[in-house]
Amino acid sequence: MSPSRPTLAVVGAGVVGAAVAWRAARAGWDVTVVDDGRAASGSSVAAGMLGVVGEARIGEDDALELTAAAAACWPGFVDDLGAADVLVAHDTLLVGGDRSDLTELAAVTDWCSGRAHPVETVGAGDIRTRAPGLAGVRRGHLVRGEGAVDNRGLLAALRTAGGAEGVRRCVHRVDDLADLHADQVVVAAGAWVPSVVADVPVRIEKGEVLRLHRPPTAPAPPSVVVRARWHGRPVYVVPRPDGVVVGATQYEVSDHADTAPRVGGVADLLRDVGDLMPGLAEYRLAESGAGFRPLTPDGLPLIGRIDARTVVAAGHGRGGILLAPLTADIVLDTLADRPTHRWSDTLHPRRFA
């Protein structure tokens with residue numbers, strides 16, 4: 001008779017938790033995912049950008065290196081998952097609304113040069129080919145290889161792959177990890193991690209995202225991710241088979257019950273994207289949603305063991321989808337008592353103590 005497999009409970013059914021569960025089941029763990037719907041809801045309200053240069057901030061060297069390493073994991077991850085159709089764009093176009101915006105974008109791309117995806121300056125012709133309808137934009141930066149995924153399609157693919165490996169799902173709220181009957185526990189509950197694990201330095205930021213559906217007579221969506229700094233404000237347009245996803249506002253909140261979109265946030269997005277791509281005014285507003293982004297003091301996620309039974313994978317901010325494959329790698333190394341990954345010390349959950 002074969003020996004029983006070690007048991008693992010994954011708290012959180014978002015993209016990070018689902019990726020960890022699938023990978024752990026493939027590695028021989030008997031996995032149960034426990035979530036009452038909150039963590040999964042965060043992954044469903046996202047644009048799915050795999051942003052490296054697009055998310056870069058000058059001087060944040062660790063963040064740039066981490067996101068570049070995460071992006072390198074994606075081709076193999078998608079191949080293993082057998083879900084190439086979740087990729088909705090392969091490149092990103094960075095554009096600005098005025099001279100100040102363009103200067104800032106140029107400074108960021110120069111700083112990233114040689115350390116992330118290749119960037120080239122493109123003119124009006126290339127811009128019209130990849131993103132027809134951009135208003136008055138004659139110059140931009142094309143980031144090759146920096147694409148996006150359909151977040152909901154990805155989540156469905158991970159659940160299907162996990163189910164094929166024997167991952168079970170339990171709809172249940174976890175308030176005390178002692179109630180979970182498993183040899184090991186991974187806490188990947190997104191913005192709700194502090195309610196499960198004490199003394200985890202995670203705060204929340206809220207942002208609105210819009211889904212616009214394209215009628216047959218409306219202009220085609222862009223073939224690339226469009227990320228704009230538009231007169232000082234960030235706005236992005238991410239293609240989907242049926243339209244686009246538009247985002248995103250951002251502001252800190254303290255109440256997890258504040259889940260409804262704000263009128264002002266939605267109005268700002270509609271105004272900015274209407275100025276950026278006027279043809280989107282013909283699209284239909286299919287959905288407005290708001291999600292929480294779990295942030296840490298240094299902007300890097302918390303991944304690692306906090307006691308003999310518990311591993312935390314949290315605080316991914318805006319990069320949860322991008323960082324999911326790399327996070328799963330680090331978590332599996334930790335569960336196997338091989339905390340030798342390049343990022344094990346830098347991302348350790350107790351580094352602030």
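1. In this note, Ala, Val, Leu, Ile, Met, Phe, Trp, Tyr, Cys and Pro count as nonpolar, Asp, Glu, Lys and Arg as charged, and the others, Gly among them, as polar. The model is predicted: local features need pLDDT of at least 70, side-chain atom pairs count only at pLDDT 80 or more, and totals for chains, interfaces and linings use all residues. Residues are numbered from 1 along each chain as its sequence is written, and side-chain values use heavy atoms, with hydrogens and water left out.

2. A cavity is a set of points, on a 1 Å grid over the protein atoms alone, where a 1.4 Å probe fits but cannot get out; its lining residues have an atom within 4 Å of a point. Points are joined across faces, edges and corners, and a volume is the space filled by probe spheres set on them. Two cavities of 30 Å³ or more are counted.

3. The largest cavity has a volume of about 80 Å³. Its lining includes V11, D35, R38, H172 and W192. By class, this lining comprises seven nonpolar, one polar and four charged residues.

4. The second largest cavity holds about 40 Å³ of space, and is lined by S44, V45, A46, R152, V209, R211, E287 and G289. Three of these residues are nonpolar, two polar and three charged. Strands (DSSP runs of E, at least two residues, numbered from the N terminus) β8 (203–213) and β13 (284–295) each supply at least two lining residues.

5. Strands β14 (residues 302–305) and β15 (residues 310–314) run antiparallel and are joined by four bridges; pairing requires at least two bridges found by DSSP. The two form a hairpin with four residues between them, and G304 stands opposite V312 in β15.

Notes. On a 1 Å grid over the protein atoms alone, a cavity is a set of points where a 1.4 Å probe fits but cannot get out, and a pocket is an open set with protein on both sides within 12 Å along at least five of seven lines; lining residues have an atom within 4 Å of a point.
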